[in-house]
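User: Please go through this model with me. I have a few questions on its residues.

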Amino acid sequence: MLFRSSGIPVNDLCKAKFVGLKRCHLYRYVIFKINDNNKEIIVDHRYRTKKASSDASETEAVTEGDDHENTSNMDFATQSQEEIFADFVTRLPEDQCRYAVFDVEYAKGDVVSNKIVFISYSPDSAKIKPKMLYSASKDALAKVLDGIHESIQINDPDDLTLEYVQEKLLRV
């Protein structure tokens, strides 16, 4: 178990999947949730964008659990960022909180860049107790995920668009 501030520990796979997104570029996004008994922050879903490296030492811990039903394995080279973001949005329950990291591509002038964005999703329709628990636990997860460029709080599902996230990155 990793660092915790709200009393809810972060499962080790959360960091491993983040490393897979950040360093190995195996995932485009990873969604996290607090488990059903409110004891641990766990990986809820991930979007796999490429095959694991042939270097087993590099990706063994990162790909642990990827045969699980909560992994999207899309056609690795053909999905646009818009299609991937649309898949991401469909994975977020409309009345439950979640955390996520998304590797966002955006353009500033003629320069195209990628940044890792931490999204704290707490829809207005979620119950108060989970909202408070997610709010209190956000920093514990964010501290474990070293390398986040921007943190975005989203409460209105209408703000959950790729354009909104890219606009936030342009303001940084």
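User: Is Asp44 buried or exposed?
Analyst: This is a predicted model, where local features need pLDDT of at least 70, side-chain atom pairs count only at pLDDT 80 or more, and totals for chains, interfaces and linings use all residues. Residues are numbered from 1 along each chain as its sequence is written, and side-chain values use heavy atoms, with hydrogens and water left out. Buried means under 20% relative accessible area, exposed over 50%, partly exposed in between (1.4 Å probe, protein chains only). Asp44 has a relative accessible area of 12%, so Asp44 is buried.

User: Which side chain makes a polar contact with the side chain of Asp44?
Analyst: Asp44 sits in strand 2 (residues 41–48); strands (E, at least two residues) and helices (H or I, at least four) are DSSP runs, numbered from the N terminus. A polar contact is a pair of N or O atoms within 3.5 Å; within protein, one must be able to donate a hydrogen and the other to accept it, and residues adjacent in sequence count only if both atoms are side-chain atoms. At 3.1 Å, the partner of Asp44 is the side chain of Arg98.

User: What is the phi of His25?
Analyst: His25 lies in the loop between helix 1 (12–22) and strand 1 (27–34). Its relative accessible area is 43%, so His25 is partly exposed. His25 is not a glycine, yet has a positive phi of about 55 degrees.

User: And what is the phi of Asn38?
Analyst: The loop between strand 1 and strand 2 holds Asn38. Relative accessibility is 37%, so Asn38 counts as partly exposed. Asn38 is not a glycine either, and its positive phi is about 60 degrees.
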